[in-house]
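Opening the notebook on this one. I want to go through the chain contact, then a pocket, then a ligand site.

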Amino acid sequence: MQMIEADLAIVGGGGAGLRAAIAAAEADPGLRIVLVSKVVPMRSHTVAAEGGSAGVITEQDTLDLHFEDTVAGGDWLADQDAVDYFVRHCTEEMVQLEHWGCPWSRKPDGDTNVRNFGGMSTARTWFAADKTGFHMLHTLFQTSLKYSSIDRLDEYFAVDLLVEDGRCQGLVAIEIATGDFVLIDAKAVVMATGGAGRVFRQNTNAGTVTGDGIGMAYRHGVALRDMEFVQYHPTALPGSGILITEGCRGEGGYLVNKDGYRYLQDYNLGPVVSEPTPKTMELGPRDRLSQAFWHEERAGRTVDTPLGQAVHLELMHLGRAKLHERLPMIYELARTFLGIDPAESPIPVRPAVHYTMGGIATDARTATRLAGLYACGECSSVGIHGANRLGSNSLAELCVFGRVAGEAAARHARDAKTSDAAALSRQAEAVEGRALALLTREDGRDRLATLRDAMGDTMQEGIGIFRDTAGMQATCDKLAELEDRYRRVHLDDRTRSFNTEWLTAIELGFQLKVAGAIAWSALKREESRGAHKRLDQFGERDDENFLQHTLAFHQADAPPRLDYQPVNITRLPPAERRYGSATKKAASAAQGALP
Amino acid sequence: MSDSGREIEIEVLRYHPERDSEPHFETFRVPFAHDTSVLEGLQYIKDHLDGSLTFRWSCRMAICGSCGKMVNGEPKLSCHTFLRDYYPGKLRVEPLWHFPIVRDLVVDQTDFMEKLEAIKPYIVRDEEKPVSEGVYRQTPAQLARYQQFSQCINCLLCYAACPQYGLNSDFQGPGILALLHRYNSDSRDQGQARRMPIVNAEEGVWSCTLVGYCSEVCPKNVDPAAAVNRNKVNSTMDYFLRFLRPRGASS
Ligand SMILES: Cc1cc2nc3c(=O)[nH]c(=O)nc-3n(C[C@H](O)[C@H](O)[C@H](O)COP(=O)(O)OP(=O)(O)OC[C@H]3O[C@@H](n4cnc5c(N)ncnc54)[C@H](O)[C@@H]3O)c2cc1C
Ligand code: SF4
Ligand code: FES
């Protein structure tokens with residue numbers, strides 16, 4: 001097996017991985033950094049982010065407001081020390097991106113502009129039209145080319161970590177073009193592999209978002225935290241799940257049911273306003289909007305489309321010129337994928353799985369409990385999203401914690417000792433043997449797609465916008481059955497070079513593990529909070545028993561072992577989440593109560 | 001759906017480096033609906049008919065640039081091209097022209113990546129401004145000077161369309177020259193002088209024979225042909241400037 005020696009390996013070339021690589025290269029130009037990615041970095045899923053990235057910048061905004069929006073938006077399950085660090089560093093990262101060439105949208109005077117976003121109490125979302133993720137990713141990727149110490153392994157697929165003497169010391173990857181294995185010997189590893197949205201059937205995520213890194217860390221005994229919190233985005237296209245950005249509503253779009261009625265006013269999100277108003281109506285948080293859709297669908301007030309039930313997103317009143325300037329990608333997507341001109345007709349939308357709030361548990365500075373392993377970006381749970389992520393916090397997170405991870409891992413790499421090379425080789429060979437076994441199995445039965453779709457369907461049924469005990473239990477059982485059938489999955493392709501069927505099978509192995517962690521964590525959280533809403537006797541938030549993070553630990557051939565961890569609460573004690581007119585009432589009540 | 005039950009024939013180029021000495025075509029029948037993309041057609045084949053069919057894709061929303069293929073001889077993003085538009089005829093899907101084939105519909109993009117790395121596609125400054133001093137001012141008009149050229153998703157369709165690149169892959173090609181122009185036209189950048197040798201070289205703008213097909217196939221309206229042309233002007237100016245000033249003198 002070929003061996004590559006490095007000081008630091010970063011797995012993932014999305015926003016988080018690239019930011020980490022640049023930070024490490026700047027922190028210590030002498031470090032040999034290897035950046036491993038299963039797609040060429042600019043193809044990573046970050047490219048699809050549309051709406052924008054948070055950072056306090058206007059005069060009426062404060063760090064405290066961003067902190068409060070994030071903690072309340074996360075239904076008090078966010079770690080407040082992590083959120084504090086986060087909000088203090090978002091803006092400098094946005095400025096840094098600007099210096100690196102990101103084409104942020106501008107005001108007439110040449111200053112950068114910000115827009116409103118769901119759950120944010122004032123405009124603080126930096127945007128580059130409606131292609132923010134695209135521009136951030138290309139800016140980061142192109143900037144990373146300045147640093148000669150970053151060695152890219154594009155289209156290399158990471159299969160497993162190497163753990164020796166209790167420390168993570170590298171990984172094994174497959175060179176996709178040839179199917180050859182390589183051992184990457186590294187003193188520290190940063191996991192930046194993105195979320196796991198593809199374990200659900202209808203989702204807004206790219207095909208690469210299969211939770212590989214989450215699964216890898218999990219199998220090595222690192223806890224997965226808060227996996228039950230899966231964000232359903234309220235506005236995706238029925239069928240394909242393609243996202244229609246929240247920026248549409250930030251710019252003033254309306255959501256109406258089949259009677260043309262702005263139904264959100266019936267779900268405590270009113271009063272009805274005609275201009276975009278923070279935290280009100282269409283700018284309520286995602287979990288609440290998705291839940292409102294669910295009720296409308298139940299009540300028979302949704303629109304019938306060939307690809308399922310939907311509501312209408314109206315942008316017509318914004319006018320064609322504004323749509324072209326602010327939402328060009330949405331305009332284009334609606335035209336090609338639906339044959340609709342959004343300046344003239346509404347866009348049918350419905351909720352789809354969008355974001356993995358949980359992930360690899362780290363401390364507030366990206367270190368996992370496995371020495372030498374760091375995690376950042378959507379695969380991680382640094383603790384800032386709690387039970388519901390606010391839109392535009394995640395692109396900012398990639399930068400803030402990508403940088404922290406890069407610097408922390410660089411420090412670790414400088415001091416770490418290496419173990420016996422022979423022991424690492426032996427491990428790597430075992431990894432290779434297991435991966436190759438998928439190719440030589442003779443008794444294969446189920447097609448890969450059969451198992452993948454069955455997983456997606458059962459997750460959607462049991463771990464939906466609303467959940468109950470029976471449904472979640474059924475999903476847990478079904479996943480156990482699928483894991484068993486996975487051992488005898490049939491592959492058509494037994495060759496090595498660019499065998500994407502084989503890689504998809506390895507991904508499915510990770511996905512089934514991660515799906516199990518999600519389903520069991522959900523079943524055992526016997527309360528309702530943020531994106532985890534139950535219809536059984538646990539319909540209310542229960543701070544007494546569940547103001548805690550779930551930790552899921554992997555066990556071979558058994559459901560995960562679950563443990564709980566206190567939430568870090570520094571200065572904002574748990575309270576009720578308020579949106580719509582309740583926000584103002586609460587604010588004026590609070591003011592009235594001041595001495 | 002009213003149009004369910006329709007089927008279309010897709011002819012796909014197959015090539016496996018471990019067992020084929022040359023490529024051949026294979027035909028599949030694929031059911032489709034009004035909104036089924038060519039990419040979804042290929043995914044149907046892979047899921048249900050032949051798991052060994054190999055192609056790249058990721059975002060399925062026309063932004064990651066992974067899924068370019070030749071569809072009936074035209075370079076297209078397969079996620080953004082719909083089967084309905086070829087029915088009742090059939091469809092021939094091939095890998096992007098002008099690149100070496102790795103396997104089936106997957107091409108080797110190394111040449112493009114090396115060119116991308118070589119043009120310094122990042123802001124170059126004589127002196128960096130500290131982050132603590134805030135953002136550079138850039139008016140909407142200044143942004144508009146390069147915005148179009150910053151929309152490139154590196155999908156390589158323009159390379160598959162470019163006859164010059166087909167003849168000689170040393171030519172930088174439309175996408176790269178558009179990206180180079182993007183940085184040269186950015187009010188924050190001071191790196192133009194360092195990029196001009198690439199523009200001026202024989203493989204730079206002067207290889208272009210003004211076919212313009214690159215701009216026609218670009219899915220993001222980048223208009224790389226316009227970038228190449230503007231650089232021809234810049235390159236000419238650069239040539240004459242050399243006679244006006246001793247080398248090395250700063251402007
Ligand atoms: C459609 C859409 C729109 C969004 N819009 C917004 C928005 O407006 N604002 C916001 O804040 N957030 C938004 N988000 C969320 C945000 O975009 C993501 O959370 C974020 O981009 C994730 O970045 P990442 O770097 O963690 O992972 P990704 O960008 O997903 O990158 C993961 C990387 O890991 C690599 N990788 C994965 N597995 C392996 C493996 N086994 N081997 C090797 N490499 C591997 C991949 O190749 C890739 O390079 C949006 C998400 C979606 C789906
Ligand atoms: S210029 Fe257009 S066609 Fe060429 S690579 Fe860029 S986006 Fe693709
Ligand atoms: S799959 Fe991303 S551009 Fe087509």
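**Chain contact**

I started with the buried area: chain A and chain B bury about 5300 Å² between them, with 54% of it on carbon and sulfur atoms. This is a predicted model, so I keep that in mind throughout.

How many salt bridges cross the interface of chain A and chain B? The rule finds 6. I looked at A:Arg152, which pairs with B:Glu117 in a salt bridge, and the closest N and O atoms are 2.9 Å apart.

**Second largest pocket**

I put its space at about 960 Å³. The lining counts 32 residues, and A:Arg219, A:Glu483, A:Tyr486, A:Arg487 and A:Lys513 are the ones nearest the centre. By class I get 18 nonpolar, 5 polar and 9 charged residues in that lining.

Which element gives the largest share of the lining? Helix 14 of chain A does, with 8 residues. Other chain A elements that each supply at least two lining residues include strand 8 (156-164), helix 5 (212-219) and helix 13 (469-486).

**Ligand 2**

I listed the residues around ligand 2, and among them are B:Cys152, B:Cys155, B:Cys158 and B:Cys218, along with B:Pro219 and B:Pro224. The shell has 10 nonpolar residues, 1 polar and no charged ones. B:Asn154 is also on my list for this shell.

Technical notes:
Residues numbered from 1 in each chain as written. Chains lettered and ligands numbered in written order. Predicted model: local features only at pLDDT ≥ 70, side-chain atom pairs only at ≥ 80, totals over all residues. Heavy atoms only, no water. Near = heavy atom within 4 Å. Nonpolar A, V, L, I, M, F, W, Y, C, P; charged D, E, K, R; others polar. 1 Å grid on protein atoms, 1.4 Å probe; cavity = no way out; pocket = protein on both sides within 12 Å on 5 of 7 lines; lining within 4 Å. Points joined across faces, edges and corners; volume = space filled by probe spheres on them. Helix = DSSP H or I, 4+ residues; strand = E, 2+ residues; numbered from the N terminus. Buried area = accessible area lost by both parts, 1.4 Å probe. Salt bridge = Lys/Arg side-chain N within 4 Å of Asp/Glu carboxyl O.
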